[in-house]
Amino acid sequence: MSKKKTPRIDPLSCPLPSGGVDSHAHLDGEEFDADRDAVIERAAAAGVSHIGNVFLDPLAFEERRHLFDAHPGVFFILGIHPCDGQRCTPEALDAVRAARAGEPRLRAVGEIGLDFHWDDCPRELQYEAFAAQLDLARELSLPVVIHCRDAEKECLMMLESRHFQEYPLLWHCFGGGPDLARRILRNGWHISIPGPVSYPANSALREAVALIPDDRLLLETDAPYLSPVPWRGTRNESAYTVFTVRHMAEARNADPERLWLTCGDNARRFFGID
């Protein structure tokens, strides 16, 4: 028996009020080269007022930030991904400093952290790159956006041992359960929820979403990855946050429009954007 297909719903058929924020996307990627402007315009029509575009290294930032010249609602996050820790050289760190000095749209250092799922970078280099970029974020007085995959214990230990409690820090693409959420929250940090909150098997994630305080909760796509139902398995885009937030609202027994604007306000406050 074949599986019943999920109807693909146009996000513009169920827009939310302007003020939502996709706090983490990779719209500079080649996946969007054919229709990037249309994707950003579609997001705005769905109610997304700002998008945080994450550049994974300084070279990508220099080569591709111009792609957003016509879109002032896109702000920038720049860091060296843990899988590319070998690229975290003194020259690369200087390039981030220069970017901070010359680009007011750069609002955070990220995504940085630890990733033990892949073997792209030795763990010792990941630790060194993570530490160097945490120091850099403090030096530049910028918030931190964390990438952590299969390394929660190690990542938390490193952040806590370096006294990042109460520092402006966002745990990107949260996929854990209530215990991990409570540990993050005890440290005074924020949590960003992606599309997999809509997947039927992720009941522990929905339990975690239910306990996050209103003022610590953000929303993201991680586009082009992790599309929510009803677009699971396709390229993700910022307009699809209108589906993600409805699943978040259901888990919290909350009004979707109110939660949408609350998450947007939290993102604007966290990143210091208008």
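The legends below describe close-up views of a predicted model.

**View 1. An open sheet of eight strands with parallel pairing.** The strands follow one another in the order β1-β2-β3-β4-β5-β6-β7-β8. At the edges stand β1 (20–25) and β8 (217–219), each of which pairs on one side only. From one strand to the next, the twist averages 30 degrees.

**View 2. The pairing of strands β3 and β4.** Strand β3 comprises residues 74–78, and strand β4 comprises residues 106–115. The two strands run parallel and are joined by three bridges. Leu78 is placed opposite Val109, a residue of β4.

**View 3. Helices α4 and α8 against the sheet.** Helix α4, formed by residues 123–140, lies across β4 and β5 (144–149). The direction of helix α4 is at about 155 degrees to β4. Helix α8, formed by residues 241–252, also packs on the sheet. The strands touched by helix α8 are β1, β2 (48–55), β7 (190–193) and β8. Between the directions of helix α8 and β8 the angle is about 150 degrees.

**View 4. The crossing of helices α6 and α7.** Helix α6 spans residues 178–186, while helix α7 spans residues 203–211. Their axes come within 8 Å and cross at roughly 35 degrees, and the crossing is right-handed. On the α6 side, Pro178, Ala181, Arg182 and Leu185 make the contact. On the α7 side, the contact is made by Ala204, Glu207, Ala208 and Leu211. Six residues of this contact are nonpolar and two are charged, with no polar residue among them.

How values were computed:
Residues numbered from 1 in each chain as written. Predicted model: local features only at pLDDT ≥ 70, side-chain atom pairs only at ≥ 80, totals over all residues. Heavy atoms only, no water. Axes fitted to C-alpha atoms, helices over the stretch in contact; angles between N-to-C directions. Helix = DSSP H or I, 4+ residues; strand = E, 2+ residues; numbered from the N terminus. Left-handed = near helix turned anticlockwise from the far one by under 90°. Contact = heavy atoms within 4.5 Å. Nonpolar A, V, L, I, M, F, W, Y, C, P; charged D, E, K, R; others polar. Pairing = 2+ DSSP bridges.
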